Structure formats: structure tokens, C-alpha cells
Amino acid sequence: MKKQGSWVLWGSATLGFLFLYLPIISLVIYSFNESKLVTVWGGWSLKWYGELFRNEQILNAAALSFKVAFISATLAVVLGTMAGFALQRMGKFKGKLIFSGWISAPLVMPEVITGLSLLLLFVALESLFGWPAGRGTLTIIIAHTTFCMAYVAVIVQSRLAGFDETLEEAAMDLGAKPSSLFFLVTLPLIMPAILAGWLLSFTMSLDDLVIASFVSGPGNSTLPMVIFSKVRLGVTPEVNALATLMILIVAVGVLVAMFQMRKRPQPE
Amino acid sequence: MTIAELSPEQQKDTNKAAAKNPLTAPAPDLWRDPNAKPFVVFDNVTKKFDDFTAVDNISLNIYRRELFCLLGGSGSGKSTLLRMLAGFEQPTSGRILIDGVDMAGIKPWNRPVNMMFQSYALFPHLSVEKNIAFGLKREGLADGDIKKRVANMLDMVQLGHLGKRKPHQLSGGQRQRVALARSLVKNPKLLLLDEPLGALDKKLREETQFELMNIQEETGVTFVVVTHDQEEAMTLATRIGVMNTGNIVQVGEPHDIYEYPNSAFVARFIGSVNLINGRIIEDEVDSVRVKSQDMDAPLYLNHGISCAPGQEVNVAIRPEKIMLSRELPEQTDNRCEGTIEDIAYMGSMSIFRIRLDSGKEIRVTQPNIARDMGARFTWNDRVHMYWDVDSAVVLTS
Amino acid sequence: MTQSTSHQEPAIGLARLAQLFSMLWQFIGLGRVNWGRLMVIAVPYFWLALFFFIPFVVVFKISLAESAIAVPPYSSLLDWDLEEAYLNIKINLGNYLFLWEDSFYLDAYLSSIKIAVISTLLTLVVGFPIAWLIARSEGTTRTVLLALVILPFWTSFLLRVYAWMALLKKSGPINDILMAVGLIDQPIQMLQTDFAVYIGIVYTYLPFMILPLYTALEKLDMTLVEAAADLGYRPVQSFFAVIVPLALPGIVAGCLLVFIPVVGEYVIPALLGGSDTLMIGRVLWDEFSINRDWPMASAVATVMLVLLVLPIMLVRNRADDQEGKA
């Protein structure tokens, strides 16, 4: 009976995994399709990859997206780490409850609300102070930093919570002053969390469509915005090629990261 | 001439010599010398956390080169005492002196004290070598010196081949030795050990106990050990301080604490004991006679106590000091009779639970000196128990 | 000696100055402030206040304005003239009244909740066996399975939705296969239906369900299930009597992680749903970008925040508290 149970389990789990991967696999296969009609198989070809690299709109959007993602992930890591520290290590301070609410709220906030509210803020700020002048790269970066820092803060905070505080006592006992403690012990130990937070922020920023659509100005289309406008009109083979490339990059990245993790197992 | 009789300068020299040639310098029993200068002094120290008093007005002297054990259950205040020595907690009132210096306001990183943590607190991101070198780097030593001292330390704890490993690649026993090496490498005046053997399994614990004692003798550093394990304290310590609810209830050498507990709490906490309740019926200078409801014969002990006649007392007698016999023993004191209710065969010895006619239960252990010892007595046998005049102790509290 | 003092003079001067400053600080009560600590708290605090909290105030304010053909396209609430010393506050509750009167908005809210509830349950049903399998496997198998779940999570959300567009099309592979097998004679319309929306939601949010479930199930002691079996529980019975209650924190966490973003989802209904797939996120977007009615969009957002997001956050905090206590 036990065997039967596990057979059912494996069966349903396999279906689940097929469900997860079939669309991606079909996407990859069709990206090599010669035919313009996505569903008609016209033989293997790299034609659409060529088209992709000649499409300036997509290339410009990709460049903008990577720039935005890089800057906002970095800012989010700095601000989020500070916030995580403030919540986990700074004891009580005025308004801590509100602060922790603000930190966790972006995690559950529908994107349309975040996008709309930030846009209205930028408009109001501009009419009051003349800053930010217009909307574009800067406003996207601010918006992405704001919602990414919440994720970083939560990751860093949980790492700090699981942190053996006797390690810091041990360092002090061995002669380390509190001022040098952070760089000697704390930072190296929360580094994995910070890296994870950076990577997560980077991909989330790269992936965001809704918020960026609200806060970007004309001529500042990010990659998801370009994809969305193309895809809305129907399936296009160039997007297949683009998707394949992005999946490839991510897959390689994740596999390398996991391999690294396995090589240097985390302490229990 | 003992070390205590030397001038301070000479003392220093002796210690240096001891550090250089440790085997020729056995630990001096400074605590037996009333004129000796204590190395660590707790002077009416109290520590309160909000309303909770963790340490309640403790005064205690610890001497140079001692291996002093603070023994107590959880919440007895032993760890708080240790953390105050390390500087992680400040006393609410009272003073702590180490080597004559008042430690008030001195931060942990400036104290001549190192600690071995219960969790070991090894830095998971650093290799074994770097963990040990961590404290030396703070001192600004040259790289070559650091290397040399780390290597010496690794050799001492027999981990010379594992220097490049990370803590999570080590076994529990190896981690314990890295933690010890890391806390010793700075040559602290005082080493604090928080449950040093707590995380090890029984067999390893026994081996490590002796290793720890050897290292203490070799280095000549004063050790203060916190433990809840009475066997560990008995083996390791030069002296034991038994703690209960923030107080030190008895301080003494292991032998004294075991043979002459000063209270029912200590007697029960260290080893197992039979406590027989009774009243003083005869109080001489060097002897005392107690009558108990539980047995016909009076209890006679050859040590005097200060008490009022007729006072209620407990007589403590250890199970291994009671002898068993089928025949009525010749002595008229210190004997009783009962029925064997239970026998637990432990290999090296057997434990008997014997019910007296009064209903009182007495526990007796007998070494199995011959192979058929176990068969000599069996369930429901009537047996006589008896013991010597110097076997039991009277406890007034 | 004199020479050396003259050399040290600037240093002493600086030291004096520093001393003076520190006295000054202490005098105004800042002497004990730990500047590092203050920075670490204040910088993210003010960032969030400015870019997270104040925006909601602005949204609320604009929801009380009137739509106008202007840049920006709304009226201002305050009119004042300092010389004539008058202040005119104009609050327009018309947007909220309209929300209440026009059943379109209410329908959109209800339909969003319905879609979110159904797809959350579907995700739970699909995700549970996978989470269970990962939690019960060991070593390399577990690592590989976990990686297989996480990998799609790192790929673009938009592209994953897009992949389903290709699959579900009338001329797509699913229709082709079904026709080839002979189950259907004509291609069926799957794209631009609620069915496609459910598929898309379950698909994109599956990792959010599996990961918390896995964390909860991994901690579950299998001897408890054995004990239940020993005490006479059939597998199905012990599933509901033992496993579900113990995995409840994970189930709740997973459901909330799926439910909340789905309620406000825009991309999936826009790409996979039909014109009749009503979801409030889409309504807000259209109100904003097509109708350019910013005050109305703000009113929709405010109601969504008050009626959907805040209650859920309260529930979540309570769940967190209880988990913390347990």
C-alpha cells in the first residue's frame, strides 16, 4: 500500500513538474523555428536570434533595464541591510512598529497600487519642488529600490535573527572592539543574505512591468515594457529568442550559484 | 617555602618558570593557606535582571593556578557569575577583582580574560587557523609570530593537520579543542569555560576531562569552569563552588564536598545519599547520637556539631558506605533491618532498594567484587544494614 | 621643548575645538546620541516615509479631487489667496459615490476575489504533492527537485505568461494534440478565457506556494504519521488529522503569498484573459491609462487598500505572532 501511495505521489508531482517546464521548453523549441508563423514548424534556424540583435528597440530597452536593475539592486541592498539591522539589532526606538509595518507592506502591496501611488508622488513633488524633473530612469530606480529594499530587509533580518550572538561575544572576548565587530564577524556572516538579496532585487527589477509602466516617462521603456507591447499584439518569434536567452542566462546563473553553495556548505 | 610566601616579584618569576617548565611545578594548594593573596575576588557581588536576582551577594576567592568549578543547576546563577568575569554583564552591586585590578568599567575586549563558550562560538566563515589567530590579530602581532603561536596551539590540542578546515568540517570533539585553543592562545590570566564538555558524548567527555586537566597544568592558567555535571566537577576541580538560586552554598575540595556536605541540598546534588531524619539525643564535643523514628538503633557519629539538644537534624549516609548482612551485626549503633524491594545490577556494582519496617526506603550499593555477588541477596530477603561511626554526617540545614 | 610645543600647537587647537564642540553637543542634549545607530535607523526610515508612506497620502488626496483636462489631470483641493486671506477647501466624494453606485466596480472587486480564491486553492492542490515529495526526499534528489521549483521563479514572469499564450492559442500545440488524438473536432477557444487566467496564475505563482509548504513539511516529524497509523488512522485520515494541522502555518503562508498579489494582478488577465475577465488591477490600470481619470484610479486604489490589503496584513501579522509564540 505504501508503494501505491508513493506511486500516486510521484505521478502527481511529475505532472506538476511537467506543468512547470512544458511551456518553457516549447518556448525554447519555437525560438529555433524558421517559420514566421509560430505554430507551423519550418525547420531549425537561428534567424530570430539575428533579428533580435538587429532590433534596436529591444537592445536599448535591455540596456536600460540592466542599468536600472544594477543600480536599484545595489541601493536596495544598502538601504535594506540598514533596515534589517535597525529592526533586529537596534533594540527599541520611536516608531519601530510603524517602521516594521512599512518594511513588510511592500511585500504584499499589489503592484498597481505601488505604481500609481509613486507616480502621483513624483507628479506632486515635481509641481511643488520641481524635482524630479520629468519621469524616466531616476524615477524607475527610486521605485524599484523602494520595493526591493523590503525584500532585502526581510532576508537580512531573518539571517540576523538566526545569528548566534555568542559569536559577537566571542569576538569581543578575543579583543575585538564593537566598532570593528561589524566588519570582522557580522558582515562576513550575513554576506550570503546580502548577496541573495542583491540577486533577488536584480531579477525583480529586471522583471517588473507594472510599476515601471507607471513611473517611467516617454522614451524610457524597460525591457518588460517593450516585450509587453509586442506580446499584446500576439506571439512574436523574436520574443521567443529573447526569452530563450534570458532563461539560459538565469539557468546558468542559478546552477553556478547552487554548485558554489554545495562546494561551500552553509554552517548548520 | 610555598609560593605564597614569596614577594610579588618572586611570585611572578616562579610563574614564569612554571610556564616554561610546567611539569616541575605542580599546582600549589594556595587556598589552604590563610595568608595567600587571592587571584580572583568576588566582593559582595549581586546581579539583578529587573526583579530577578541571578546572583545574590556572593563573596568568593579564587587562587592562582586553580581549576575552580562552579557547579549548579540551571538558573543557579553560575553562568551569570562567569559572564560577569568575562565582562558581558556588569554587577548590580559589589566588586570583582582580577589579579588585584578592579574590573568595573573594563570592557570585555580589554580584559586579561578569555572564554570558551558553551556553543564554542567558532566563526563559521573562518578556518580553524584563522579562528585561533583571530584574537592575536587584534593584538597587532607580526604575521610570523601569529603563525608560530597558532601552530603551537594546534599541536597542543593535537589538531595540527586540520588547520585549513572550516568548523563545520570538524567533529564535536575537534570543535571543542579548537575553541579551547582559540581561548588559550592569547595567554589569558584567567580562562573561563562554560560547560566545556557539555556537547560531547559520554566516552569523549571522560577522555577530554583528563586532557583539559593536563592542559591546565601545562599552561598554568587559572581556570574557572561552569558545569551542571557533578561528576565532571568532581574529576576536574581543585575546588568546587556549589551554587543554588544565586548563592554559593558550599565551597571546598571535591573530597570535602562529597564527604562533608554542609546541607541536605549539597548532599543530594552531589552523588546520591540517604537522608535519615532524627533528633539529637546526646551531644558531646567530638561525637553525637541521633534517634530516628525510622530505626530502632540510634545513630552514632564521631564528629561534633554545634546545635541545640533535641534539635531536629538529617543524617546523611552515602549508599556505598552501608554494608549488608544476613546476620545481626555486633555493633549496637548505626544499624537497621529491612526487606529488599529491588535490585539493579549495574555490572561493577549492584544497587539495592531496601524498605525499612517504618516504610522508609534506604538505597545501598555493593561492589560486585566476586562474580557471584549478585546471587547473595535476592528480592524479598530480610537484610541487616550497618555502617561505621565515621561514615555518616549530620546536617543541620 | 619649546620647538616641539610650537609644532604641536595646531593639534592642541584642534583638540580644544573638539572639546568645545562636545560640550556644545552635550549642552543641547545630543551628547549621548549614537550617530552610527541614528544613521542606520534614520536613512531607511525616511526613505520609506517619503517613497512608501507619503505616496498613499497623495493617492488619498487625489481620490478626493475632480478629474480635469490639465497637466496633471486633476483639480486641486486647496485654493488660497494670501492677500485676500481666503482658503477654499474642495473635497469631492463623487469618485467614491460613483464606485458605490456603478456595479461595474463592485463586480470587479468581487470577481477579483473569486478568481484569487479559486486560483489559490488550485495552486495549493497542485503544489502540495510537489512540496511533500521534496520534503520527503533526501540528499541530491532534494537539492535537484528544489532547484527545479526555484528555477522558473528566477525567470521572467512576463515570459512565463507569454509561453502560455503560445500554448493555448487556437492554432497552438494543445489544440493540435487534442485534435490529433481525436478528442475534439474543432480547436477550442482557451486563450482569452477565465480558464487561461487560472492556468496562468497557478503556473506563475506555484513556487510561492511550494516553498513555504516545503519549509513546513520538512520540519514535520514522520514518526508522527507512523504513530497515527499505529493508532489506527488510514493514510487519508492521518493526512487530515496530523499532516494538515502541523503544516498549517506553511499552508497559510503559501496561500497568502499567492492570494494577495493575485487580487491586484494586471498582467495575467491582460494577456490571457478575455475582455470580460474583470479584475480590479486591470480596472485601475485602464482607468489610469485609457480614461486618464487619475482621481477615479486613486479612489479605486484607496478602496482596494482599505478593504483588501489592510485586512490581509492584519491577518498575516496575527499569523506571524502566533507562529512566533508556538
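Biologist: What makes the span of helix H6 of chain B close to the expected one?

Modeller: In this predicted model, H6 of chain B runs over residues 202-219, which gives 18 residues, and reaches 26 Å from its first C-alpha to its last. The expected span is 1.5 Å times one less than the number of residues, and for this helix that expectation is 26 Å, so the span is called close to the expected one. The residue that follows H6(B) is Gly220(B), whose phi is positive, near 75°.

Biologist: How many domains is chain B divided into, and what separates their centres?

Modeller: Chain B is divided into domain 1, residues 27-259, and domain 2, residues 272-395, and the centres of these domains, taken over C-alpha atoms, are separated by 39 Å. In chain A, domain 1 is written as 24-54 + 235-268 and domain 2 as 62-222, with 29 Å between the two centres.

Biologist: Which residues make the contact between H3(A) and H10(A), and why do they count as in contact?

Modeller: From H3(A) come Gln57(A), Ile58(A), Ala61(A), Ala62(A) and Ser65(A), and from H10(A) come Leu223(A), Met225(A) and Val226(A). Two residues count as in contact because their C-beta atoms lie within 7 Å. The axes of H3(A) and H10(A) also come within 7 Å, and they cross at roughly 145°.

Biologist: How do those residues of H3(A) and H10(A) divide by class?

Modeller: They divide into six nonpolar, two polar and no charged.

Biologist: How many residues does each chain give to the contact of chain A with chain C, and what makes up the side of chain A?

Modeller: The contact takes 60 residues from chain A and 68 residues from chain C. The elements that give two or more residues to the side of chain A include H1 (2-31), H3 (56-89) and H11 (237-263), and the largest share, 14 residues, comes from H1(A). By class, this side of chain A has 50 nonpolar, eight polar and two charged residues.

Biologist: What share of chain C is called buried, and why is a residue given that name?

Modeller: A residue is called buried because 20 or more other C-beta atoms lie within 10 Å of its own, and 39% of the 326 residues of chain C count as buried. Chain C has 13 helices and two strands, and among its contacts with a separation of 6 or more, residues 24 or more positions apart account for 68%.

Key
Residues are numbered from 1 along each chain as its sequence is written. Chains are lettered from A and ligands numbered from 1 in the order in which they are written. This is a predicted model: local features need pLDDT of at least 70, side-chain atom pairs count only at pLDDT 80 or more; totals for chains, interfaces and linings use all residues. Domain bounds come from an automatic or database domain assignment. Helices (H or I, at least four residues) and strands (E, at least two) are DSSP runs, numbered from the N terminus. Ala, Val, Leu, Ile, Met, Phe, Trp, Tyr, Cys and Pro count as nonpolar, Asp, Glu, Lys and Arg as charged, and the others, Gly among them, as polar. A residue is buried if 20 or more other C-beta atoms lie within 10 Å of its own, exposed if 12 or fewer, and partly exposed in between; C-beta atoms are placed from the backbone. Axes are lines fitted to C-alpha atoms, for helices over the stretch in contact, and angles run from 0 to 180 degrees between N-to-C directions.
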